[in-house]
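The following exercises concern the structure shown below. Each task is followed by a solution in steps.

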Amino acid sequence: MQVRILDRNWLVEFTNSLPEDVDGECDPPCRKKKKIKIRPGLSSDHLLRVAIHEMLHAADFWKSEEWVDQTSADLAVVLSRLGYKKG
């Protein structure tokens, strides 16, 4: 699936080719044919958190991992409480 984040295009790809302990990965914004990779089969809640996490990296690749991780966790909780359901 193609997505646009801050006027840049990204290909979101579900793949098992990520390292064993990694559920998502985002290419740097300067890369051509940028990808956001997400491990398939994640629970709905975890998928939401991972997707937000990787999209935050896409939006501001230079934010610290700590900031991205905490912000994605907080946003995932809020969206879940608002009734987000994987469709």
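**Exercise 1.** Is Trp67 buried, partly exposed or exposed, by its relative accessible area?

*Solution.* The model is a predicted one, in which local features need pLDDT of at least 70 and side-chain atom pairs count only at pLDDT 80 or more, while totals for chains, interfaces and linings use all residues. Residues are numbered from 1 along each chain as its sequence is written, and side-chain values use heavy atoms, with hydrogens and water left out.

Step 1. Recall the classes: buried means under 20% relative accessible area, exposed means over 50%, and partly exposed lies in between (1.4 Å probe, protein chains only).
Step 2. The relative accessible area of Trp67 is 36%, so Trp67 is partly exposed.
Step 3. Trp67 belongs to helix α2; helices (H or I, at least four residues) and strands (E, at least two) are DSSP runs, numbered from the N terminus.
Step 4. From Trp67 to Lys86, 19 residues apart in sequence, the C-alpha to C-alpha distance is 25 Å.

**Exercise 2.** Describe how helices α1 and α2 pack, and name the residues that meet.

*Solution.* 
Step 1. Helix α1 spans residues 44-59 and helix α2 spans residues 65-81. Their axes are 8 Å apart, at an angle of about 135 degrees. Axes are lines fitted to C-alpha atoms, for helices over the stretch in contact, and angles run from 0 to 180 degrees between N-to-C directions.
Step 2. The angle therefore makes α1 oblique to α2. Angles under 35 degrees count as roughly parallel, over 145 as roughly antiparallel, 65 to 115 as roughly perpendicular and the rest as oblique.
Step 3. From α1, the residues in contact (heavy atoms within 4.5 Å) include Leu48, Ile52 and Leu56. From α2, they include Trp67, Val68, Leu75 and Leu79.
Step 4. By class, the contact of α1 with α2 has nine nonpolar, five polar and four charged residues. Here Ala, Val, Leu, Ile, Met, Phe, Trp, Tyr, Cys and Pro count as nonpolar, Asp, Glu, Lys and Arg as charged, and the others, Gly among them, as polar.

**Exercise 3.** How many aromatic pairs does a search of the whole structure find?

*Solution.* 
Step 1. The search finds one aromatic pair. Rings of Phe, Tyr and Trp (its six-membered ring) pair if their centres lie within 6.5 Å; planes under 30 degrees apart count as stacked, over 60 as edge-to-face and the rest as tilted.
Step 2. The ring centres of Phe61 and Trp62 are 5.9 Å apart and the planes stand at 80 degrees, so the pair is edge-to-face.
Step 3. Phe61 is partly exposed at 27% relative accessible area, whereas Trp62 is exposed at 66%.

**Exercise 4.** Where does Asp23 lie, and which residues does Asp23 contact beyond its neighbours within four places in sequence?

*Solution.* 
Step 1. Asp23 is in the loop between β2 (8-14) and β3 (24-26) and is partly exposed, with a relative accessible area of 24%.
Step 2. Beyond those neighbours, Asp23 contacts Leu18, Lys37, Ile38, Arg39, Leu42, His46 and Val50.
Step 3. For Asp23 and Leu42, 19 residues apart along the chain, the C-alpha atoms are separated by 8.2 Å.
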